[in-house]
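Thanks for coming. I have one structure to show today, and I will keep it short.

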Amino acid sequence: MHTVDIIMKKREGHALSQEEIKYLIENYTLGKIPDYQISALLMAIYFKGMNDEEAKDLANAMAHSGDMIDLSSIEGIKVDKHSTGGVGDKVTLILGPLLASVGAKFAKMSGRGLGHTGGTIDKLESIPGYNVELKVEDFMKQVKDIGIAIVGQTGDVAPADKKLYALRDVTATVDIIPLIASSIMSKKLASGADAIVLDVKVGHGAFMKTLEEAEKLAKLMVEIGRLSGRKMTAILTGMDEPLGHKIGNGLEIYEAIETLHGKGPKDLVDVTVEIGAHLLGDANIEKDFNQAKILLHQALNDGRAYHKFIELVKVQGGDTNVIKQPELLLSKKLEYVYAKESGYIEDINALEMGKAAMRLGAGRETKEDQIYMEVGIDLHHKIGSKVEKGDVLATLYVRDKGIEEAKNLILNALTIGQHQKEVVLIKKTIK
Ligand code: URA
(Lines give C-alpha, C1' and ligand atoms only; values in the text may rest on other atoms or scores of the structure.)
Protein backbone atom coordinates (compact mmCIF):
# COMPACT_ATOMS: atom_id res chain seq x y z
CA MET A 1 0.00 0.00 0.00
CA HIS A 2 1.21 3.52 -0.72
CA THR A 3 0.19 6.51 1.34
CA VAL A 4 0.15 8.83 -1.67
CA ASP A 5 -2.42 6.58 -3.42
CA ILE A 6 -4.65 6.68 -0.36
CA ILE A 7 -4.41 10.48 -0.17
CA MET A 8 -5.33 10.69 -3.85
CA LYS A 9 -8.29 8.33 -3.36
CA LYS A 10 -9.68 10.56 -0.61
CA ARG A 11 -8.90 13.72 -2.60
CA GLU A 12 -11.12 12.31 -5.37
CA GLY A 13 -13.92 11.79 -2.83
CA HIS A 14 -13.85 7.99 -2.48
CA ALA A 15 -14.36 6.07 0.74
CA LEU A 16 -11.27 4.44 2.27
CA SER A 17 -11.32 0.74 3.12
CA GLN A 18 -10.79 -0.67 6.61
CA GLU A 19 -7.36 -1.99 5.53
CA GLU A 20 -6.30 1.42 4.22
CA ILE A 21 -7.34 3.17 7.44
CA LYS A 22 -5.59 0.53 9.54
CA TYR A 23 -2.43 0.86 7.44
CA LEU A 24 -2.40 4.67 7.84
CA ILE A 25 -2.97 4.64 11.59
CA GLU A 26 -0.52 1.83 12.37
CA ASN A 27 2.26 3.36 10.32
CA TYR A 28 1.62 6.93 11.44
CA THR A 29 1.78 5.81 15.10
CA LEU A 30 5.11 4.11 14.40
CA GLY A 31 6.47 7.29 12.77
CA LYS A 32 6.70 5.60 9.36
CA ILE A 33 4.34 8.06 7.66
CA PRO A 34 5.40 11.71 7.99
CA ASP A 35 3.19 14.51 9.31
CA TYR A 36 3.09 16.23 5.91
CA GLN A 37 1.34 13.29 4.27
CA ILE A 38 -1.16 12.93 7.09
CA SER A 39 -1.75 16.71 6.98
CA ALA A 40 -2.65 16.43 3.30
CA LEU A 41 -4.93 13.49 4.06
CA LEU A 42 -6.65 15.39 6.88
CA MET A 43 -7.36 18.32 4.59
CA ALA A 44 -8.74 15.94 1.95
CA ILE A 45 -11.01 14.43 4.63
CA TYR A 46 -12.01 17.93 5.69
CA PHE A 47 -13.28 18.73 2.21
CA LYS A 48 -14.53 15.30 1.06
CA GLY A 49 -15.80 13.97 4.39
CA MET A 50 -15.97 10.39 5.65
CA ASN A 51 -18.92 8.03 5.76
CA ASP A 52 -20.03 6.33 8.99
CA GLU A 53 -18.18 3.12 8.17
CA GLU A 54 -14.90 5.00 7.70
CA ALA A 55 -15.41 6.90 10.97
CA LYS A 56 -16.04 3.61 12.79
CA ASP A 57 -12.91 2.05 11.25
CA LEU A 58 -10.86 5.12 12.17
CA ALA A 59 -12.11 5.06 15.79
CA ASN A 60 -11.25 1.38 16.10
CA ALA A 61 -7.84 1.71 14.46
CA MET A 62 -6.96 4.58 16.84
CA ALA A 63 -8.34 2.70 19.88
CA HIS A 64 -6.12 -0.29 19.02
CA SER A 65 -3.02 1.88 18.52
CA GLY A 66 -2.21 1.56 22.26
CA ASP A 67 -3.47 -0.14 25.42
CA MET A 68 -7.03 -1.49 25.42
CA ILE A 69 -8.00 -1.36 29.10
CA ASP A 70 -9.72 -4.64 29.99
CA LEU A 71 -12.15 -4.13 32.86
CA SER A 72 -13.76 -7.57 32.50
CA SER A 73 -12.25 -8.85 35.78
CA ILE A 74 -14.37 -6.30 37.64
CA GLU A 75 -17.79 -7.73 38.38
CA GLY A 76 -20.84 -6.05 36.87
CA ILE A 77 -21.36 -3.53 34.13
CA LYS A 78 -18.78 -0.74 34.15
CA VAL A 79 -20.13 2.70 33.30
CA ASP A 80 -18.55 5.86 31.90
CA LYS A 81 -19.66 9.24 30.60
CA HIS A 82 -18.17 11.83 28.35
CA SER A 83 -18.94 15.48 27.83
CA THR A 84 -17.94 17.21 24.62
CA GLY A 85 -16.87 20.13 26.80
CA GLY A 86 -18.56 23.17 28.23
CA VAL A 87 -18.22 25.95 30.77
CA GLY A 88 -18.93 25.18 34.43
CA ASP A 89 -19.41 21.49 33.60
CA LYS A 90 -18.60 19.68 36.85
CA VAL A 91 -21.05 16.78 36.25
CA THR A 92 -18.40 14.00 36.49
CA LEU A 93 -17.42 15.12 40.01
CA ILE A 94 -20.99 14.58 41.21
CA LEU A 95 -22.16 11.77 38.94
CA GLY A 96 -19.25 9.42 39.73
CA PRO A 97 -19.71 9.28 43.52
CA LEU A 98 -23.49 9.39 43.09
CA LEU A 99 -23.54 6.28 40.86
CA ALA A 100 -20.97 4.44 42.97
CA SER A 101 -23.04 5.17 46.09
CA VAL A 102 -25.96 3.18 44.63
CA GLY A 103 -23.86 0.24 43.47
CA ALA A 104 -22.61 1.13 39.97
CA LYS A 105 -18.97 0.76 38.90
CA PHE A 106 -17.69 4.10 37.61
CA ALA A 107 -14.34 3.78 35.80
CA LYS A 108 -13.40 7.19 34.45
CA MET A 109 -10.39 8.58 32.68
CA SER A 110 -10.73 12.31 32.30
CA GLY A 111 -8.86 15.10 30.57
CA ARG A 112 -7.41 18.49 31.35
CA GLY A 113 -8.88 21.78 30.24
CA LEU A 114 -7.61 23.75 27.29
CA GLY A 115 -8.94 27.08 26.16
CA HIS A 116 -12.25 28.24 27.58
CA THR A 117 -13.45 24.82 28.79
CA GLY A 118 -12.29 23.27 32.05
CA GLY A 119 -11.08 19.71 32.63
CA THR A 120 -12.03 17.34 35.44
CA ILE A 121 -8.42 16.44 36.17
CA ASP A 122 -7.43 20.07 36.78
CA LYS A 123 -10.44 20.50 39.04
CA LEU A 124 -9.54 17.43 41.10
CA GLU A 125 -5.96 18.67 41.41
CA SER A 126 -7.24 21.71 43.30
CA ILE A 127 -7.71 19.22 46.19
CA PRO A 128 -4.23 19.07 47.76
CA GLY A 129 -2.67 15.62 47.42
CA TYR A 130 -5.28 14.13 45.02
CA ASN A 131 -3.33 11.77 42.77
CA VAL A 132 -4.62 11.67 39.20
CA GLU A 133 -1.98 9.26 37.95
CA LEU A 134 -2.75 5.67 38.89
CA LYS A 135 -1.27 2.57 37.29
CA VAL A 136 -3.81 0.53 35.32
CA GLU A 137 -3.77 -2.24 38.00
CA ASP A 138 -4.39 0.31 40.77
CA PHE A 139 -7.16 1.99 38.77
CA MET A 140 -8.88 -1.38 38.37
CA LYS A 141 -8.38 -2.41 41.99
CA GLN A 142 -9.92 0.85 43.17
CA VAL A 143 -13.01 0.40 40.95
CA LYS A 144 -13.34 -3.14 42.35
CA ASP A 145 -12.90 -2.00 45.98
CA ILE A 146 -14.94 1.21 46.20
CA GLY A 147 -16.83 1.32 42.89
CA ILE A 148 -15.13 4.43 41.55
CA ALA A 149 -11.87 5.83 40.22
CA ILE A 150 -11.38 9.15 38.43
CA VAL A 151 -7.92 9.51 36.94
CA GLY A 152 -6.08 11.14 34.04
CA GLN A 153 -5.47 8.99 30.99
CA THR A 154 -3.76 5.89 32.36
CA GLY A 155 -1.37 3.80 30.32
CA ASP A 156 -0.91 4.41 26.64
CA VAL A 157 -4.51 5.02 25.61
CA ALA A 158 -5.11 5.79 21.92
CA PRO A 159 -1.64 7.27 21.13
CA ALA A 160 -2.64 7.64 17.46
CA ASP A 161 -5.41 10.03 18.49
CA LYS A 162 -2.96 12.05 20.59
CA LYS A 163 -0.66 12.48 17.57
CA LEU A 164 -3.46 13.09 15.11
CA TYR A 165 -5.24 15.58 17.38
CA ALA A 166 -2.06 17.64 17.78
CA LEU A 167 -1.70 17.71 13.99
CA ARG A 168 -5.37 18.65 13.48
CA ASP A 169 -4.92 21.49 15.93
CA VAL A 170 -2.24 23.13 13.76
CA THR A 171 -3.72 22.30 10.33
CA ALA A 172 -7.23 23.74 10.88
CA THR A 173 -8.84 20.30 10.67
CA VAL A 174 -10.34 19.93 14.16
CA ASP A 175 -13.93 20.91 13.47
CA ILE A 176 -15.24 18.14 11.28
CA ILE A 177 -17.77 15.68 12.65
CA PRO A 178 -16.30 12.27 11.59
CA LEU A 179 -12.88 13.25 12.97
CA ILE A 180 -14.32 14.54 16.26
CA ALA A 181 -16.52 11.45 16.64
CA SER A 182 -13.71 8.99 15.94
CA SER A 183 -11.29 10.89 18.20
CA ILE A 184 -13.66 10.89 21.18
CA MET A 185 -14.82 7.31 20.63
CA SER A 186 -11.28 5.92 20.18
CA LYS A 187 -10.53 6.95 23.78
CA LYS A 188 -13.87 5.68 25.08
CA LEU A 189 -13.47 2.30 23.37
CA ALA A 190 -9.91 1.93 24.69
CA SER A 191 -10.95 2.88 28.26
CA GLY A 192 -13.01 -0.29 28.54
CA ALA A 193 -16.45 0.66 29.91
CA ASP A 194 -19.48 -1.43 28.90
CA ALA A 195 -22.03 1.40 29.00
CA ILE A 196 -21.37 4.99 28.03
CA VAL A 197 -23.50 8.15 28.10
CA LEU A 198 -22.31 11.00 25.92
CA ASP A 199 -23.30 14.51 26.92
CA VAL A 200 -23.12 16.44 23.66
CA LYS A 201 -23.16 20.15 24.42
CA VAL A 202 -24.83 22.54 22.05
CA GLY A 203 -24.81 26.33 22.07
CA HIS A 204 -22.39 29.24 21.94
CA GLY A 205 -20.23 27.81 24.75
CA ALA A 206 -19.81 24.47 22.94
CA PHE A 207 -17.99 22.93 19.97
CA MET A 208 -21.34 22.30 18.25
CA LYS A 209 -23.22 25.55 17.80
CA THR A 210 -26.47 24.16 16.34
CA LEU A 211 -28.81 21.33 17.33
CA GLU A 212 -28.48 19.85 13.85
CA GLU A 213 -24.67 19.56 14.07
CA ALA A 214 -24.83 18.23 17.63
CA GLU A 215 -27.35 15.57 16.60
CA LYS A 216 -25.18 14.42 13.71
CA LEU A 217 -22.16 14.09 15.99
CA ALA A 218 -24.18 12.31 18.68
CA LYS A 219 -25.72 9.78 16.26
CA LEU A 220 -22.34 8.94 14.77
CA MET A 221 -20.71 8.40 18.18
CA VAL A 222 -23.62 6.24 19.37
CA GLU A 223 -23.32 4.14 16.21
CA ILE A 224 -19.53 3.73 16.59
CA GLY A 225 -19.93 2.59 20.21
CA ARG A 226 -22.79 0.24 19.48
CA LEU A 227 -20.96 -1.44 16.59
CA SER A 228 -18.19 -2.16 19.10
CA GLY A 229 -20.61 -3.81 21.49
CA ARG A 230 -21.07 -0.96 23.98
CA LYS A 231 -24.40 0.22 25.41
CA MET A 232 -24.69 3.78 24.18
CA THR A 233 -26.86 6.83 24.88
CA ALA A 234 -26.29 10.43 23.90
CA ILE A 235 -28.10 13.41 25.36
CA LEU A 236 -27.96 16.82 23.76
CA THR A 237 -27.80 19.49 26.44
CA GLY A 238 -27.73 23.27 26.21
CA MET A 239 -24.55 25.26 26.72
CA ASP A 240 -26.34 28.56 26.15
CA GLU A 241 -25.25 29.56 29.62
CA PRO A 242 -22.66 28.03 31.97
CA LEU A 243 -23.79 24.94 33.90
CA GLY A 244 -24.51 25.85 37.53
CA HIS A 245 -23.18 29.11 38.92
CA LYS A 246 -19.48 28.57 39.47
CA ILE A 247 -16.60 28.54 36.98
CA GLY A 248 -12.99 27.81 37.94
CA ASN A 249 -11.24 24.79 39.43
CA GLY A 250 -11.64 25.23 43.21
CA LEU A 251 -15.00 26.94 42.71
CA GLU A 252 -16.31 23.98 40.73
CA ILE A 253 -15.19 21.53 43.42
CA TYR A 254 -17.01 23.80 45.88
CA GLU A 255 -20.23 23.68 43.84
CA ALA A 256 -19.88 19.92 43.35
CA ILE A 257 -19.68 19.51 47.14
CA GLU A 258 -22.76 21.70 47.65
CA THR A 259 -24.56 19.49 45.11
CA LEU A 260 -23.39 16.32 46.85
CA HIS A 261 -24.95 17.78 50.00
CA GLY A 262 -28.28 18.01 48.12
CA LYS A 263 -28.01 21.77 47.63
CA GLY A 264 -27.02 21.99 43.98
CA PRO A 265 -28.36 24.34 41.31
CA LYS A 266 -31.28 22.89 39.37
CA ASP A 267 -29.64 22.71 35.93
CA LEU A 268 -26.58 20.90 37.27
CA VAL A 269 -28.67 18.43 39.25
CA ASP A 270 -30.99 17.80 36.30
CA VAL A 271 -28.19 16.93 33.85
CA THR A 272 -26.39 14.77 36.42
CA VAL A 273 -29.52 12.81 37.33
CA GLU A 274 -30.56 12.39 33.67
CA ILE A 275 -27.18 10.88 32.72
CA GLY A 276 -27.14 8.81 35.89
CA ALA A 277 -30.60 7.35 35.27
CA HIS A 278 -29.58 6.14 31.80
CA LEU A 279 -26.48 4.49 33.24
CA LEU A 280 -28.40 2.83 36.10
CA GLY A 281 -30.68 1.29 33.47
CA ASP A 282 -27.74 0.11 31.35
CA ALA A 283 -26.06 -1.35 34.45
CA ASN A 284 -29.28 -3.26 35.33
CA ILE A 285 -29.42 -1.53 38.72
CA GLU A 286 -32.75 0.23 38.08
CA LYS A 287 -34.36 -0.28 34.68
CA ASP A 288 -37.30 2.07 35.27
CA PHE A 289 -36.05 5.52 34.22
CA ASN A 290 -38.24 7.50 36.64
CA GLN A 291 -37.47 5.18 39.56
CA ALA A 292 -33.77 5.53 38.76
CA LYS A 293 -34.10 9.31 38.96
CA ILE A 294 -35.86 9.05 42.33
CA LEU A 295 -33.11 6.76 43.64
CA LEU A 296 -30.42 9.22 42.53
CA HIS A 297 -32.18 12.20 44.11
CA GLN A 298 -32.41 10.22 47.36
CA ALA A 299 -28.69 9.39 47.33
CA LEU A 300 -27.86 13.09 46.77
CA ASN A 301 -30.14 14.19 49.59
CA ASP A 302 -29.32 11.58 52.24
CA GLY A 303 -25.51 11.96 52.19
CA ARG A 304 -24.64 8.67 50.44
CA ALA A 305 -23.14 10.40 47.40
CA TYR A 306 -21.20 12.89 49.57
CA HIS A 307 -19.69 10.10 51.67
CA LYS A 308 -18.64 8.23 48.54
CA PHE A 309 -16.89 11.40 47.32
CA ILE A 310 -15.00 11.65 50.63
CA GLU A 311 -13.99 7.99 50.22
CA LEU A 312 -12.80 8.62 46.65
CA VAL A 313 -10.72 11.64 47.67
CA LYS A 314 -9.19 9.77 50.63
CA VAL A 315 -8.26 6.69 48.59
CA GLN A 316 -6.65 8.83 45.87
CA GLY A 317 -4.56 10.67 48.49
CA GLY A 318 -6.48 13.96 48.66
CA ASP A 319 -6.87 16.15 51.74
CA THR A 320 -10.43 15.55 52.96
CA ASN A 321 -10.30 18.65 55.21
CA VAL A 322 -10.87 20.83 52.16
CA ILE A 323 -13.93 18.76 51.30
CA LYS A 324 -15.30 19.37 54.78
CA GLN A 325 -14.35 23.09 54.58
CA PRO A 326 -14.58 23.85 50.86
CA GLU A 327 -14.14 27.62 51.40
CA LEU A 328 -10.43 26.73 51.78
CA LEU A 329 -10.45 26.16 48.01
CA LEU A 330 -11.33 29.76 47.18
CA SER A 331 -9.27 32.94 46.93
CA LYS A 332 -9.93 35.46 49.73
CA LYS A 333 -9.48 38.36 47.33
CA LEU A 334 -12.86 39.31 45.86
CA GLU A 335 -14.07 41.68 43.17
CA TYR A 336 -17.63 42.32 41.99
CA VAL A 337 -19.44 43.00 38.73
CA TYR A 338 -22.56 45.20 39.04
CA ALA A 339 -25.61 45.48 36.78
CA LYS A 340 -25.66 48.68 34.73
CA GLU A 341 -29.40 48.45 34.07
CA SER A 342 -32.57 46.76 35.34
CA GLY A 343 -34.39 43.94 33.54
CA TYR A 344 -34.22 40.20 32.92
CA ILE A 345 -31.08 38.23 32.11
CA GLU A 346 -31.74 37.25 28.50
CA ASP A 347 -28.42 35.67 27.59
CA ILE A 348 -25.17 34.60 29.25
CA ASN A 349 -22.54 33.87 26.62
CA ALA A 350 -20.84 30.80 28.06
CA LEU A 351 -17.84 31.07 25.73
CA GLU A 352 -17.10 34.63 26.94
CA MET A 353 -17.59 33.56 30.57
CA GLY A 354 -15.09 30.76 30.07
CA LYS A 355 -12.65 33.27 28.60
CA ALA A 356 -13.15 35.61 31.56
CA ALA A 357 -12.30 32.80 34.01
CA MET A 358 -9.27 31.96 31.90
CA ARG A 359 -8.02 35.58 32.03
CA LEU A 360 -8.18 35.41 35.85
CA GLY A 361 -5.87 32.38 35.64
CA ALA A 362 -8.39 29.50 35.89
CA GLY A 363 -7.44 28.04 32.50
CA ARG A 364 -4.55 27.66 30.09
CA GLU A 365 -3.95 29.34 26.77
CA THR A 366 -1.08 26.96 26.04
CA LYS A 367 -0.47 23.47 27.43
CA GLU A 368 2.45 24.78 29.51
CA ASP A 369 0.54 27.58 31.31
CA GLN A 370 0.28 27.40 35.11
CA ILE A 371 -3.25 27.63 36.43
CA TYR A 372 -4.48 29.22 39.64
CA MET A 373 -6.79 26.81 41.43
CA GLU A 374 -8.45 29.38 43.70
CA VAL A 375 -9.68 31.87 41.07
CA GLY A 376 -12.88 32.02 39.09
CA ILE A 377 -16.39 33.39 38.80
CA ASP A 378 -19.56 32.93 40.84
CA LEU A 379 -22.50 34.00 38.69
CA HIS A 380 -25.37 35.14 40.87
CA HIS A 381 -28.02 34.89 38.18
CA LYS A 382 -29.12 32.56 35.41
CA ILE A 383 -31.11 33.28 32.23
CA GLY A 384 -34.62 34.44 33.20
CA SER A 385 -33.59 36.11 36.52
CA LYS A 386 -34.76 39.64 37.24
CA VAL A 387 -32.05 42.11 38.25
CA GLU A 388 -32.02 45.74 39.35
CA LYS A 389 -29.43 48.31 38.35
CA GLY A 390 -26.56 48.12 40.89
CA ASP A 391 -27.18 44.45 41.84
CA VAL A 392 -24.13 42.21 42.03
CA LEU A 393 -24.14 40.05 38.90
CA ALA A 394 -21.00 38.09 39.69
CA THR A 395 -18.39 37.68 42.41
CA LEU A 396 -14.87 37.24 41.11
CA TYR A 397 -12.34 35.23 43.12
CA VAL A 398 -9.08 36.71 41.96
CA ARG A 399 -5.33 36.70 42.38
CA ASP A 400 -3.19 39.20 40.52
CA LYS A 401 -4.12 39.09 36.86
CA GLY A 402 -6.83 39.77 34.32
CA ILE A 403 -9.29 41.47 36.69
CA GLU A 404 -10.41 44.42 34.53
CA GLU A 405 -10.40 42.31 31.37
CA ALA A 406 -12.52 39.64 33.07
CA LYS A 407 -15.00 42.25 34.35
CA ASN A 408 -15.44 43.64 30.84
CA LEU A 409 -15.86 40.19 29.33
CA ILE A 410 -18.52 39.32 31.93
CA LEU A 411 -20.45 42.56 31.39
CA ASN A 412 -20.41 41.99 27.63
CA ALA A 413 -21.40 38.34 28.02
CA LEU A 414 -24.56 39.20 29.96
CA THR A 415 -27.51 40.55 28.01
CA ILE A 416 -30.12 42.33 30.12
CA GLY A 417 -33.45 43.02 28.41
CA GLN A 418 -37.20 43.11 28.93
CA HIS A 419 -38.02 39.47 28.01
CA GLN A 420 -38.10 36.70 30.55
CA LYS A 421 -36.72 33.73 28.65
CA GLU A 422 -36.81 30.05 29.57
CA VAL A 423 -33.96 27.68 28.86
CA VAL A 424 -34.58 24.14 27.63
CA LEU A 425 -31.65 22.24 29.06
CA ILE A 426 -32.10 18.65 27.86
CA LYS A 427 -32.88 19.03 24.19
CA LYS A 428 -32.86 15.47 22.87
CA THR A 429 -31.94 11.89 23.76
CA ILE A 430 -30.47 9.47 21.24
CA LYS A 431 -30.43 5.77 22.10
N1 URA B 1 -12.45 16.19 21.87
C2 URA B 1 -11.69 15.15 21.44
O3 URA B 1 -11.26 14.31 22.21
N4 URA B 1 -11.43 15.07 20.11
C5 URA B 1 -11.88 15.97 19.22
O6 URA B 1 -11.62 15.82 18.05
C7 URA B 1 -12.65 17.04 19.69
C8 URA B 1 -12.93 17.13 21.03
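Predicted model: local features only at pLDDT ≥ 70, side-chain atom pairs only at ≥ 80, totals over all residues.

The protein chain is divided into three parts: domain 1 covers 3–49, domain 2 covers 78–324, and domain 3 covers 331–417. Take domain 2 and domain 3 as a pair. Their C-alpha centres are 24 Å apart. On the domain 2 side, 25 residues are in contact with 28 residues of domain 3. Between them, domain 2 and domain 3 bury about 2,000 Å², and 58% of that is on carbon and sulfur atoms.

Now the ligand. Which residues surround the ligand? They are Tyr 165, Arg 168, Ile 180, Ser 183, Ile 184, Lys 187 and Phe 207. By class, that shell has 4 nonpolar residues, 1 polar and 2 charged.

Two helices each supply at least two residues of the shell: H8, at 159–170, and H9, at 177–191. H9 gives the most, with 4 residues.

Next, the polar side chains. Arg 168 has a side-chain N or O atom 2.9 Å from an oxygen atom of the ligand. For Lys 187, a polar side-chain atom is 2.5 Å from a ligand oxygen. At Ser 183, the ligand atom is a nitrogen, and the distance to an N or O atom in the side chain is 2.6 Å.

How much of the ligand does the protein bury? Taken alone, the ligand exposes 240 Å², and the protein buries 87% of that.

That is what I have; I can take questions now.

Notes: Residues numbered from 1 in each chain as written. Heavy atoms only, no water. Near = heavy atom within 4 Å. Polar contact = N/O pair within 3.5 Å; in protein donor to acceptor, adjacent residues only side chain to side chain. Areas by Shrake-Rupley, 256 points an atom, 1.4 Å probe, with all protein chains shown as cover. Nonpolar A, V, L, I, M, F, W, Y, C, P; charged D, E, K, R; others polar. Domains from an automatic or database assignment. Contact = heavy atoms within 4.5 Å. Buried area = accessible area lost by both parts, 1.4 Å probe.
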